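Biologist: I am new to this structure. Could you walk me through how to read it?

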Amino acid sequence: MNRSLLKDILRETRKQLSQFISLALILTLGIGFFIGIRVTGADMRLTADEYYENNSLMDLRVISTLGLDDDCLQSLQEIPEIDRVYPDYALDSNARLDGRDFIVRSMALPEEQDAVNQPLLATGRMPESPGECLIDDMYARTDKVELGQTVELFPEDDGALSRTAFTVVGTAKSPMYITLDRGYTSIGSGKLSAFLYIDRDVFQLDYYTDAYITLKNTAGLSGYSPEYTDAVKAVQEKVEGLTGTISQLRLEKIKQPYETEYKENKEKFEQERADVQQQLADAKAELDQAEQQLRDGWSEWWAGAQEAFDRLDMEQPERNAPQAALAALEKKLREVEDGLPALEGGISELKASLQELETGQADYEEGQKKYQASKEEAKRELAASKEKLDNSKKELEEGEAALSNGVSQLYAMAGLKPPQGLTPEEALARAQQDLGPFAAQSPVLEKALEELEAQGVALAAGRQAYEAGVKEYEAGKAKAEQELANAAKELDAAARELEAGRAAWLDGAQAAAEELGITISQTEPSAVVAALEAGAADIKEGQNSLQSGISKLKSALKDLESGQAEYNDGLAAYEESKKKADRELTDGAAKLEDAREKLDQMDSPELYVRTRSDNPGYDNYDQDSQRIEAIGQVFPLIFFLVAALVCLSSITRMVEEHRTEMGTLKALGYTQHATAIKYMSFALGASLIGLLLGCIIGYNFLPVLIYNAYRTLYSTPDLIHPFSLSVLILPAALALLCTTLTAYAACKLALRSVPASLMRPPAPKAGKRVILEHVPFIWTHLSFLKKVTTRNLLRNKTRFWMSVLGIAGCMGLLITGFGLNHSIMSIVPTQFDEISQYDLQIGFSGSEQEKQTLSALLDSRDDVTGHLAFYSKSAAASAHGANHDANVTVLPANAKPDGFFSLKDRNSGDPVPLTDDGAVIDEKLAILLNLNTGDELELFNSSEGIACKVKVAGIVENYVYHYVFMTENYAQSVMAMDFSANLMYVNTPNETDAAGTDRLAEELLRQKGVTAVIRASDIRGMFDDMMGNFKVVIAIIVLAAGALALVVLYNLSIINISERQREVATLKVLGFFDREAWAYIYRENIVLMLIGIVFGGFFGWILHGFVVRTAEIDMVMFVRQLDTLSIVLSMIMTVVYTALINIMVYFKLKRINMVEALKSVE
Amino acid sequence: MPFIELKDITKVYHMGEVEIKAADGVTLSVERGEFAVVVGPSGAGKTTVLNILGGMDNCTSGSIVVDGRDISRYTQKQLTGYRRTDIGFVFQFYNLIQNLTALENVELAAQICQNSRPADEVLRQVGLGERLFNFPSQLSGGEQQRVAIARALAKNPKLLLCDEPTGALDYSTGKSILKLLQDTCRKEGMTVVLITHNQAITPMADRIITLRNGKVEQMRRNETPADVAAIEW
């Protein structure tokens, strides 16, 4: 390239400055936007990763319901993939600063250089003393906290912190909290507002609240990459495997001091009990011994007393009155002493009476002898008489018998029956009677009868004699008997007398014996007397011994009594002690029992292993970056293409304008190549500048802009925006293609012609009849100038389509921008007004009993209008090779979700019933897993025991999260599991305000079994924020589209005008006022605009749908409809832009110099 | 009172430090109904004068009075109005609107005038009765120029300005165009000012103005204008 050409190029550039600039501008916008949107997502993640890396954000976090200790840390450290286990303290409490109350989490300032989760100082300085603290930077900014103010904490446990007032000396960002959300807590209303960093030593807890873990195998991995997730998951599983052990360890550790204490106490107790019991036993033994001794003593005494009593012949003493007994003894002794002589006298008397008795006895015996002899004799006599009588009797009987026979014979003779039952005499009498008559007839009979009569008489006489004899005998007997009886009587009397006498004597002896105090076993009187006499002697003897004995008894009694008293005292004391000891021992035992029970009932703590995803905002950040990236896939490309297209036409036109020059150069002998260079250089220059500026905007400006817009909601450091070549390649290539290469091609094309023809003005495009002319109906009604416009439009097809496409492209981009805005913004109202209708969500993990209590409480409250309890756990839902997390929601049999969440079809609005036929899933999930009604999907969650296939019975409208709804019946038919409710939706009356809801939440949190209370308004707010972030992106898109539209339209118009300078000049010459000439031009523009809007609408509709689907995050479903407002707004903007351009055209037009434009080519 | 009177017209172009005097004190006059020809070598300032006269350009100083009106002080708007109603312009390269037929091209001009002549009539007048519905690309050079003339005439101007109208035409066609112009001038009584560097056609003019270096070298009246047909060159 020689110097002249170079000069030419530079001058050309200066002349066509506006063209050059607009070209460069278009490319800048196109490239900048393209790169910017593409890299922002990655830059965001890179920034975050740097932040996490520099501030050592943990990879895993272990927390337990009972804290952690060094042993726990030890076991964790044994996992090989773990780099460090860092223990930390954290405490949630109410706080007050500058009169404002809020809930804060106080964390320990890391002490070592390489601690985990280091805060990033934002303003102020690091605390240097325990009285200073760092406060949450985000909170400080939004709540206007100033350095130097004091924060006061009110922890529930007074001893947890060594001090509670701190001066704010600086603000900090924490890599754990990158968003506004500070998480949930179990105190107060359940929501944390800010965090605080205080000196580690202020914490006086004897356990760690958190164990933060960094891993070796994650070094160098981006926190948002799947490799990282996998690496962490692998270790997480290992740690979770350990949780059982650690939990146990922890429990033991916690229990340990108590166990030791318990053991000690138990030992002590047992020892003491043993001691006490021993003591008591000893005492008892002593007492027993004493008692025994006493008893023995008493026995002895009583024995002695008894002896004495016996000796004195007294009654059995009553054993309970020894004194009395003694007295009685003494009395008796005296009596005896007194009575002894009488006694002796008595004995003598007895002796004498005995003598008498013996005499009497002898008499009696004699008498008895006599009696016996008489008796014998009488007996003999009587016997003899008796014999005689017996003989008579016998005779008599014989006679009777003969009589009887005779009578019978008589009767027989008479031929009559003999009478029965009569005595023979009677029979005879009868016979006489009966037979008498007969006898008169029969001499035999008469004789017989007479015989019989004689017999009878004889019999009678005999009988008489007998009877007399009997009488004699009887009399004699009686007499004898009488005499004997008398004798006997006498004897008896004598015997009786003797007996009495003897008895009396015995009595007397007995009495004497009694008086002597001896028993007489003998009956023999002399022995008795002897005994009596011996007894008396004894008595005498005994008296003396008795005397001494009694004295002994007396003294013994004294001893015994004192001993008894002592013993009694001792016993009482013993009883007392025993009682006390028993009481104390029972108490002690009970306490131990209690303690034991408590210790045994201590549950091992629950351990939770959390990853970074559980940090509020961590995943959201990723999703936001992904969203931008998703948009960056398609949108900027279109953008860029529009820009490229415009460049193309621009360059082409420019080349065409310079035909003459090119012809000249060619005629001068410059090669085609050399000729083309000029235009290529122009193009290249513009594109290089465009590239350069585009890079600056794309790599630096735009990402920072987008990112900083997000930073109102994220608390992260400044964006790192490195230069990455890969993103640049496509746009750079396209840019060069569309400019430089186009220039070359256009030149080539143009230079095909010979120089001569080039140097002539180009044959103007032939006019042609347009199709519309063949429709006379319309054509004739068009005004003249309108016909001109129509022909003009259609004359240059390329220009026509270029313009239409340019406008359509911009319109389409605008529609996409606005439409996307609507698609995303309307999710929150639609979801939270129409679909998720509940007001509060309660997490529950208590017993059935506690559930009932809670239910009852909710029923009773005025500020609760209804509640629904159900089972909800997340599980992996998979089908057709894809899987996504979903909330498995199981409703109890008769539960109705109405009022809490609505299940309806999106397109028709009809409600979708939840039946026992299958599960109802949300539309987005159905899309992600490619499911229709009737298909099957798998649910899996190993730690909850969910593993089954469910059938899809319905698909419902839902925009946030994924759900698999089932009735309990259906769920149990596919999984044998207990679906006890762990989540509850609660509705409050419409008038309830935020304060009221807070109060309710606080109340509910205090209930047993309630683990968390989340307000729907909070969830909604979170999503609002999330979507709000997105507004930024939308705004940028819309602005960029608008800017592009403006530039494109401007460019097109410029092209338009430059091509038609002569035409416009002619009009001006003809006398067209500027306005008229303007109308001539802008009429075309308006038609182009209208056509472009129609095409653009269509294009935008497609692009919008496409972008919505690609920019969507899995967890969310964007509203698919393109709303009218978006279209209308886009149209308005396009119209406004066109109007602006037209105005600019006017001014350009005005400046057209007729003379210059119509300059003849000489 | 001459129909057109230019007094001491200067037109100075400033290109940075350089000053170019396209017209340097031009004074001339043309009577009504005259056929005036302005001749001079290239760069003499002919087109400049014509442009100024036609209200397409302003003069730096001097005065122009056309039909009693001083147009040198006219505003842009007034000039446009002046061009609209009083001037008919014919260019060397016709400058027809390609998208319009001959008839429409003339109608375009006629539309904006109050007292315009019917387009088809004028076209017939110029001999293009058969060519009313042809596009310029379908017309020969001469025909195109006729259309241009028709366009200029349709406006019923006071003044017809022609800038080398035969420059792009061959001899015979050019001659016929010149004849048309002459006829129009004589028949309609239209004042025609024609620029050319062809001295040969000066005999047809009523007035001959010679420009050189931006000044009027000579202005003389030709008492016996010849018919164009009679002139040979």
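Modeller: Start with the contact between the chains, and keep in mind that this is a predicted model. Chain A gives 21 residues to the contact and chain B gives 22 residues.

Biologist: Which helices of chain A each supply at least two residues of the side that touches chain B?

Modeller: They are α16 (784–795), α24 (1061–1070) and α27 (1154–1157) of chain A. By class, that side of chain A has eleven nonpolar, five polar and five charged residues.

Biologist: How many helices and strands does chain B have?

Modeller: Chain B holds six helices and ten strands. It has 233 residues, and 52% of them count as buried. Now look at its contacts between residues at least 6 apart in sequence: 69% of these join residues at least 24 apart.

Biologist: Next, helix pairs. How are two packed helices described?

Modeller: By the angle between their axes and the distance between the axes. Take α1 (residues 3–15) and α12 (residues 672–710), both of chain A: their axes come within 10 Å and cross at roughly 40 degrees. Angles under 35 degrees would count as roughly parallel. α1(A) and α12(A) are therefore oblique to each other. Their crossing is right-handed.

Biologist: Which residues in α1(A) and α12(A) meet?

Modeller: From α1(A), A:L5, A:D8, A:I9, A:E12 and A:T13 take part. They meet A:A674, A:I677, A:K678, A:S681, A:F682 and A:G685 in α12(A). By class, this contact has five nonpolar, three polar and three charged residues.

Biologist: How do I read the faces of a single helix?

Modeller: An α-helix has 3.6 residues a turn, so residues three or four places apart point the same way.

Biologist: What follows α11(A)?

Modeller: A:G669 does, with a positive phi near 110 degrees.

Biologist: Which residue other than glycine has a positive phi near 55 degrees?

Modeller: That is A:K144. It lies in the loop between α4 (137–143) and β7 (150–154) of chain A. A:K144 has 10 other C-beta atoms within 10 Å, so it is exposed.

Biologist: And in chain B, where is B:N213?

Modeller: B:N213 sits in the loop between β9 (207–212) and β10 (215–221) of chain B. Its phi is positive, about 50 degrees, although B:N213 is not a glycine. With 14 C-beta neighbours inside 10 Å, B:N213 counts as partly exposed.

Technical notes:
Residues are numbered from 1 along each chain as its sequence is written. Chains are lettered from A and ligands numbered from 1 in the order in which they are written. This is a predicted model: local features need pLDDT of at least 70, side-chain atom pairs count only at pLDDT 80 or more; totals for chains, interfaces and linings use all residues. Two residues are in contact if their C-beta atoms, placed from the backbone, lie within 7 Å. Helices (H or I, at least four residues) and strands (E, at least two) are DSSP runs, numbered from the N terminus. Ala, Val, Leu, Ile, Met, Phe, Trp, Tyr, Cys and Pro count as nonpolar, Asp, Glu, Lys and Arg as charged, and the others, Gly among them, as polar. A residue is buried if 20 or more other C-beta atoms lie within 10 Å of its own, exposed if 12 or fewer, and partly exposed in between; C-beta atoms are placed from the backbone. Axes are lines fitted to C-alpha atoms, for helices over the stretch in contact, and angles run from 0 to 180 degrees between N-to-C directions. Angles under 35 degrees count as roughly parallel, over 145 as roughly antiparallel, 65 to 115 as roughly perpendicular and the rest as oblique. A crossing is left-handed if the near helix is turned anticlockwise from the far one by less than a right angle, and right-handed if clockwise.
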